[in-house]
Amino acid sequence: MRTSEKTVLTQPYLELTNQGTTVQRFLTQEQHLLGRDAQRADLVLPGDWQMISGCHALLRRSGEDYCLYDGDGQKPSTNGIFLNRTRITPSKGYLLKHGAELRIGQNPHNQVTLIYRNPLGAEVAEMPETRSLSLKNRTISLGRDPQATLELDAPIVSRRHATIEPDGQRYILRDHSANGVFVNGTRVNGSLVLPADCTIQIGPFTLVCRDDVLKVVDRGNQIRLDAWELVREVPGKRKEHRRLLDDVSLAIEPGQFVALVGGSGAGKSTLMRTLLGIDPTDKGVVYLNGTNLRRNFGMYRAQIGYVPQDDIVHRELTVGEVLTYAAKLRLPADTDIAAIVEKTLDQIEMSDRSGVLVSKLSGGQRKRVSIGVELLADPRLFFLDEPTSGLDPGLDKKMMQLLRKLADEGRTVILVTHATANIKLCDRLAFVGRGGRLCYFGPPLKALAFFQTGSDDFADIYNELEKGETIVRQWAERFRHSDDYWQYVTGHLTPGNGNKPRAIPTPSKGTSFLAQLWLLTQRYFQLVRRDPVNLLLSLLTAPIGISLIMLAVGDKNPLILAETPDPTLAPLALRVLFVFSCAALWVGLSSSLQEIIKESAIYLRERLVNLGLFAYLGSKAVILASLALLQTLLIVWVILLGFADPAPTILTWELGVGVTTFLTLIACMSMGLMVSAIVRNASQANSALPLLLLPQIIFSGVLFRMDSLTSKLSWLMLSRWSVGAYGTVVNINAMVPEPTKLPDGSTIPLPFEPTAVYDPSWRNLMLNWGMLCLHAVVYLVVTFWVQKRKDIFK
Ligand SMILES: Nc1ncnc2c1ncn2[C@@H]1O[C@H](COP(=O)(O)OP(=O)(O)OP(=O)(O)O)[C@@H](O)[C@H]1O
């Protein structure tokens, strides 16, 4: 029966709609049971409405209205009944008011809408406005712009996000956005003919397109998580399976503030990363509003806030700059960035600290800035890994109050913490025991009763769970069989939509490559500029080192061919050129070795949102190449000042020394970036410097004569090609005098003999320069590959 009939009604009734079909059921008795099973329910629904259980809801009269309970009031229904994504439970009902709209099931595609109407009811339910519009005979625009046909107001939605236009009997959707449009869970690539009956996801909004009508079915401001039987195992030391998560189920409802607590190494962070979708499971699924989160991460990545344990802010930037760069990176280009940054500063209560360098902030304030970075996109689901670690009790309290406030604004907030002083502010506590066992999940105060601590100190629960694995196992067992488990886990858990899983999360396009490159280059430039001592050292070290050679060689002109044959000249010239190479090697490596590792936490977080790897490495290359150019100019200037110019052979000395120095620096920096990507922490990068330099010195071919094996090895050394190029430009071979013949016909051995390495030809020079370039390219490719391997979603 289609809804078209208008009846004059006086008694309360339910209006249920499934895929465009609406039925009404009148409420006349004290109690009703709604369901598909005619044996048990008196309000019977069509047998082909698969979402409905045999007995799906109980309705009990309460005054002039009805109170609704899930299932039969004891056993919950399979697909649940939701009010704004919060599940109605069999025990705690929901008092219906005229106009109240609830949903059965979570999949917007096939969920049933239940509307309660009481024409004579005194009170009217406050429901969020639902919007729908006809697609017929017009092109409609969707976006943040108030002028759009359908305004979708959220920071990650572009002003003109998408358009839908008719094309005969079909509709074509065109994506104009930065963060993308997903149709039935798959990202639209440019444009797409809309399937007849489909779900469209734009930022947090879910729309359903059916029968020429587009309807906003979910504004995405309510996020629930259902974790079903999560198991994670890793190979142990003796190849046995070690459980990190042991069959954990949780139901986290919209707007809840949940703390994951437990002893060190219990598995809290693992649980949080699994709930967030970035850690895999061996068994079990996490559903976000009914959708498999891990398999659809691409669709939700911009809507989830995640503050890892390490700070995700650059200390050399001011608070305002950190937020501005993050906003430009994450939000559509048409956003009013200044307004969003101002609002965020206000939210984290740091409006007066906008101009302060992050390095000058306290630990708690720095954490707030990290939270601010995540708040820019206004995520409705927020994860924080130990945001209060290292904070004093006052700051701990302030932080917890801030998170409480965020949850009160409708966000679902999940944090890992060790500090128990303020966990009463949470709605739910999950106590995790060693081996990833869930020992309790429910309200904080009931935890004390559950563990029978006899005190109001949560630390006693910690101590109890530290007593050993057997005790932890007993508590986990006891919890599973407790009323609390029934009340806070089973009673709220909801199955997923069962939509088709995708193996690879769709990548986020985000802002364009060039926009990101420009933005990241600006930010990197700012970071380099903010550390003038380091910048000065990296610019002046090589020129100072080269000036010192002048003292060492005294009044000799080591690069000029002597008028009288001098057998010591060529070795001396070679040593001088070798120092030029070493100076370039040293500064090149030390300018780049820290550059990736020092910001790895920020990189990983931004990459998870939308950071492009080409843009990221491109910004490093642009700034380091500019630095190399400056270093080259200074080095060449000092060389020209301090040493008489050799006569040009194949090209001028200035050009030859300039290009060789620049290419040496570029190749070294590329090698430095590669090592910076490979090492695990900043101190490993520092320790790597001597290890990188020593082979360059030994196998350069200057200090030791190379045999057939070592000469092959020297091909891997930048020093060999760098000295080779310098030697070619200076024409070292020409400095070697004719060997002095002894009366017996033999010759006096010379300290250095002409070699093809320094052959003064364009071919040889190009080989040396070419090899420096090749080294640089290989190192950059390896850097890219190593960084790519760090991706959570490959
Ligand atoms: N990928 C992994 N492979 C092997 N073991 C792991 C992995 N991730 C975590 N673990 C181990 O699992 C256990 C739980 O780690 P997790 O970081 O989740 O604990 P935690 O409760 O957050 O501890 P803490 O409070 O000290 O951070 C630890 O013993 C850790 O070494």
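Strand β13 (residues 140-143) pairs with β14 in the parallel sense over two bridges, where strands are DSSP runs of E with at least two residues, helices are runs of H or I with at least four residues, and both are numbered from the N terminus. Two strands are taken to pair if DSSP finds at least two bridges between them. The model is predicted, so local features need pLDDT of at least 70 and side-chain atom pairs count only at pLDDT 80 or more, whereas totals for chains, interfaces and linings use all residues. Residues are numbered from 1 along each chain as its sequence is written, and side-chain values use heavy atoms, with hydrogens and water left out.

**The sheet around β13**

- Within this pairing, G143 has E151 of β14 as its bridge partner.
- The two strands belong to an open sheet of five strands with mixed pairing, in the order β14-β13-β15-β16-β19, and its edge strands, each pairing on one side only, are β14 (150-151) and β19 (191-193).

**Annotated regions**

- The unreviewed UniProt entry carries the annotation "domain: ABC transporter" over residues 225-459; UniProt positions are given in the numbering used here, feature names are shortened, and annotations may be inferred rather than shown by experiment.
- In the model, residues 225-459 are 31% helix and 26% strand, and the end C-alpha atoms of the span lie 27 Å apart.
- Residues 533-552 are 100% helix and 0% strand, with end C-alpha atoms 28 Å apart, while residues 613-643 are 97% helix and 0% strand, with end C-alpha atoms 43 Å apart.

**Helix α11**

- Helix α11 (residues 513-529) has 17 residues and reaches 24 Å from its first C-alpha to its last, close to the 24 Å expected at 1.5 Å a residue, the expected span being 1.5 Å times one less than the number of residues.
- Its buried residues are Q516, L517, L519, L520, T521, R523, Y524, Q526 and L527, where buried means under 20% relative accessible area, exposed over 50%, and partly exposed in between, with a 1.4 Å probe and protein chains only.
- The cover over these buried residues includes α3 (319-330), α14 (600-609) and α15 (613-642).

- T660 is found in helix α16 (residues 653-678) and is buried, at 0% relative accessibility.
- Leaving aside neighbours within four places in sequence, T660 is in contact with S722, A725, Y726, W769 and L772, contact meaning heavy atoms within 4.5 Å.
- The side chains of T660 and W769 are joined by a polar contact of 3.0 Å, that is, a pair of N or O atoms within 3.5 Å, of which, within protein, one must be able to donate a hydrogen and the other to accept it, and residues adjacent in sequence count only if both atoms are side-chain atoms.
- D392 sits in the loop between β29 (381-385) and α6 (393-408) and is partly exposed, at 42% relative accessible area.
- The side chain of D392 reaches the backbone nitrogen of G394 at 3.0 Å.

**Cysteines**

- The structure holds zero disulfides, a disulfide being a pair of cysteine sulfur atoms within 2.5 Å.
- C67 is in no disulfide, and the nearest cysteine sulfur, that of C55, is 16 Å away; C67 is buried, with a relative accessible area of 13%.
- C773 is likewise in no disulfide, with the nearest cysteine sulfur, that of C668, 13 Å away, and C773 counts as partly exposed at 35% relative accessibility.
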